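Have the structure open while you read.

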Amino acid sequence: MVTRNDSLWKTLDWVTIGIYLLLIVGGWFSVCGASYDYGDRDFLDFSTRAGKQFVWIISSFGLGFVLLMLEDRMYDMFAYIIYTGMIVLLIVTIFIAPDTKGSRSWLVMGPVSLQPAEFAKFATALALAKYMNSYSFSIKKEKCAFVLGFIILLPMLLIIGQRETGSALVYLAFFLVLYREGMPGVVLFAGLCAVIYFVVGIRFDEVFIADTPTPLGEFIVLLLILLFAGGMVWVYRKKWEPTRNIIGGSLIILLVAYLISEYGIHFSLVWVQWGLCVIVVGYLLYLALRERQRSYFLIALFAIGSIGFLYSSNYVFDNILESHQQIRIKVVLGLEEDLTGAGYNVNQSKIAIGSGGLTGKGFLNGTQNKLKYVPEQDTDFIFCTVGEEQGFIGSAAVLLAFLILILRLIALSERQTSTFGRVYGYSVVSIFLFHLFINVGMVLGLTPVIGIPLPFFSYGGSSLWGFTILLFIFLRLDAGRGRRL
């Protein structure tokens, strides 16, 4: 006789579970290497980081087992209740959490500290999946888009209120899920443009074009806005004349203005670009009224929003971001080195990874880590331990394991028979991708240091439990799908 549990074990995706176990074991050995002191080899001593992490790993196995034993319909049924509970917990955390390194995001319960922001990820994923699975949902409806934004941004804002900007930024990964479910590509394009505007505007803010008083960063961004506006007219309306007028006319006027500024009266080309932006926006509004086409109006709004973002981002960078956050961004952009301050962690991390060479120094033989040159080496900078002890080959193997896991999760998400399962699966994929890209990027000096863990590797029970819950809920949903087929 085949019982319900027998059927569950047959439909579970054991490939994903195998990769999960492989990553957790590799993570524990990395924590051992990062927290190891010379002469101390008792890794199961619960007073050490390695011993504590071992306890978190064992408890994660138990947590995963419990999640698999629950009925898959329960996750759909209680999604909103779980989300509401986590929102309340995030609010409470702001007021009762002690100040820990400048943030109020950790709840201390005796010897155990937990970070609710890590658990809010799976709650947000469940709420998104529940709402997008509703009968009346359509991502093209303005009301539905507003509710989706509210579900994502509410926990994000509360976590920012806890002074955990890095953890809050992870929630931007959910917009990749919305894109998969039919969100217009222009939204992602606008997000990409925002990143380009910010980086270029800050990086070249104090660089000037030749002998003119034109700031290069501001000039490039305003030029991109004009080019993007013309390009969007072609993409969405397929009309050559307005595209030619916007792009060709802007380039010709700017060329003439540059020649006058270079060889005649010196003035900032940005003034000319402001005038061009006003003319282009007016031209787009004229086309919208003449042809009764909403797309022209939306392109005009994109141009206005882009200009507003350019100047507001400069204000935010100079007046709202704290000095240490400004320095971190400047270090990544190459504006400052600061090898003894904000750039110290990244510099030491790159030294550790580079010293590992092709095959690494071997387990427990990493000198940079043993001598504690790398701060936070068993949490945010755990990947440098992998690079030093296991070298390029070991680092590549870890990244390959993550790649296989992500591709496997994408495949499982695509085979879901319900919108709930598919949306939740892609939420898991997006969160893993964001953590992997940002964590490895900041260790290599490619992204700003925002303090987010590497899944299954970084020391800490909150992150390990959070990623385990994310993954095993999806495995349970997928197993439920298999049993119903």
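In this predicted model, helix α18 (residues 382-414) packs against helix α19 (residues 419-443) at an angle of about 160°, and their axes lie 10 Å apart. Anything over 145 degrees counts as roughly antiparallel, so that is the label for α18 and α19. Their crossing is left-handed.

What does α18 bring to its contact with α19? On the α18 side you'll find Phe383, Cys384, Leu399, Phe402, Leu405, Ile406, Leu409, Ile410, Ser413 and Glu414. Facing them from α19 are Arg422, Gly425, Tyr426, Val428, Val429, Phe432, Leu433, Leu436, Asn439, Val440 and Val443. Sorted by class, the contact of α18 with α19 has 16 nonpolar, three polar and two charged residues.

Now for another helix pair. Helix α2 (residues 14-35) and helix α3 (residues 49-69) have their axes 9 Å apart and pack at an angle of about 165°, so α2 and α3 also come out as roughly antiparallel. Here the crossing is right-handed. From α2, the residues in the contact are Tyr20, Leu21, Ile24, Trp28, Val31, Cys32 and Ser35, and they meet Arg49, Ala50, Gln53, Phe54, Ile57, Ser60 and Phe61 of α3.

| Helix pair | Angle | Axis separation |
|---|---|---|
| α18 (residues 382-414) and α19 (residues 419-443) | about 160° | 10 Å |
| α2 (residues 14-35) and α3 (residues 49-69) | about 165° | 9 Å |

Each of these contacts includes a cysteine: Cys384 in α18 and Cys32 in α2. How many disulfides does the whole structure hold? A search turns up zero. Cys32 is in no disulfide, and the nearest cysteine sulfur, in Cys384, is 15 Å away.

One last stop is Lys121, in helix α6 (residues 116-132). Is this lysine, Lys121, buried or exposed? Its relative accessible area is 2%, and therefore Lys121 is buried. Leaving aside residues up to four places away in sequence, Lys121 touches Val170, Tyr171, Phe174, Ile431, His435, Phe467 and Leu470.

Technical notes: Residues are numbered from 1 along each chain as its sequence is written. This is a predicted model: local features need pLDDT of at least 70, side-chain atom pairs count only at pLDDT 80 or more; totals for chains, interfaces and linings use all residues. Side-chain values use heavy atoms; hydrogens and water are left out. Axes are lines fitted to C-alpha atoms, for helices over the stretch in contact, and angles run from 0 to 180 degrees between N-to-C directions. Helices (H or I, at least four residues) and strands (E, at least two) are DSSP runs, numbered from the N terminus. Angles under 35 degrees count as roughly parallel, over 145 as roughly antiparallel, 65 to 115 as roughly perpendicular and the rest as oblique. A crossing is left-handed if the near helix is turned anticlockwise from the far one by less than a right angle, and right-handed if clockwise. Contact means heavy atoms within 4.5 Å. A disulfide is a pair of cysteine sulfur atoms within 2.5 Å. Ala, Val, Leu, Ile, Met, Phe, Trp, Tyr, Cys and Pro count as nonpolar, Asp, Glu, Lys and Arg as charged, and the others, Gly among them, as polar. Buried means under 20% relative accessible area, exposed over 50%, partly exposed in between (1.4 Å probe, protein chains only).
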